[in-house]
Amino acid sequence: MRRAGLGDGGSGNYVASGYSVYEEENEHLQEGLRAKVSALKSLTIDIGTEVKYQNKMLEDMDTDFDSTGGLLGATIGRVKQLSRGSQTKLLCYMLLFCCFVFFVLYWFIKLR
C-alpha cells in the first residue's frame, strides 16, 4: 500500500515544489532585510559621525565661553575696583565721554 505523498507519485513532487516556492520567497525577503540592515548600518554610522562632530563643536564653544567669562569677570572686577576707589572723578569722566560719543554718533546718523 502506498500512502499519499510518500511514493514516487506526483503528490511528492508537488510538496517539494511547494517548499522551493517558500524557499525562494524566503530568499527574496532575506535580501530585502539585508538591504534594510545595510541602510540602517550606514545611517547609524552617519549619525555617530555627526554626534562626534557636534560634541567637538560643543567642547570648543565651552572653552570659548570659559575664556570669555574669565575676561568679562576680570573687567567687571576692575570696574568695581574703580568705583570703590578714590577714582570716582575718573569714572564720571568716562561716563560723560561715553555719553558724548553716543550723542555725536546719534547726530551723525540723524543727519544722514
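**Entry 1: a pair in helix 1.** I began with Arg34 and Glu31, which are separated by about one helical turn because they stand three residues apart in helix 1. I found that their side chains meet in a salt bridge, at 2.4 Å from N to O. For this term I required a side-chain nitrogen of Lys or Arg within 4 Å of a carboxyl oxygen of Asp or Glu. Arg34 counts as partly exposed because its relative accessibility is 45%, and Glu31 is partly exposed with a relative accessible area of 43%. Here buried means under 20% relative accessible area, exposed over 50%, and partly exposed in between (1.4 Å probe, protein chains only).

**Entry 2: basis of the work.** I note that this is a predicted model, in which local features need pLDDT of at least 70, side-chain atom pairs count only at pLDDT 80 or more, and totals for chains, interfaces and linings use all residues. Residues are numbered from 1 along each chain as its sequence is written, and side-chain values use heavy atoms, with hydrogens and water left out.

**Entry 3: the other bridge.** The count of salt bridges comes to two. I looked up Asp60 and Lys56, whose side chains meet in a salt bridge at 4.0 Å, N to O. Being four residues apart in helix 1, Asp60 and Lys56 are also separated by about one helical turn. Asp60 counts as partly exposed at 39% relative accessibility, whereas Lys56 counts as exposed at 53%.

**Entry 4: the chain as a whole.** I counted two helices and zero strands in the chain. Both kinds of element are DSSP runs numbered from the N terminus: helices are H or I with at least four residues, strands are E with at least two. Buried residues make up 1% of the 112 residues. The chain exposes about 10900 Å², of which carbon and sulfur atoms supply 65%; accessible areas come from the Shrake-Rupley method with a 1.4 Å probe, and for residues only the protein chains shown count as cover.

**Entry 5: surface patches.** I took patches as residues with over 30% relative accessible area and no salt bridge, joining like charges within 9 Å and nonpolar side chains (Val, Leu, Ile, Met, Phe, Trp, Tyr) within 5 Å. Leu40, Leu43, Ile47 and Val51 form a nonpolar patch on the surface, with about 360 Å² of accessible area together. Leu43 lies in helix 1 and counts as partly exposed at 46% relative accessibility. Glu59, Asp62, Asp64 and Asp66 gather in a patch of negative charge on the surface. Asp and Glu count as negative, Lys and Arg as positive; His and the chain ends are not counted. The place of a charge is NZ of Lys, CZ of Arg, CG of Asp or CD of Glu. Glu59 is in helix 1 (residues 10–84) and counts as exposed at 55% relative accessibility.

**Entry 6: the record.** UniProt, in an unreviewed entry, places the feature "transmembrane region" at residues 90–109. Such annotations may be inferred rather than shown by experiment. I found this span to be 100% helix and 0% strand, with its end C-alpha atoms 29 Å apart.
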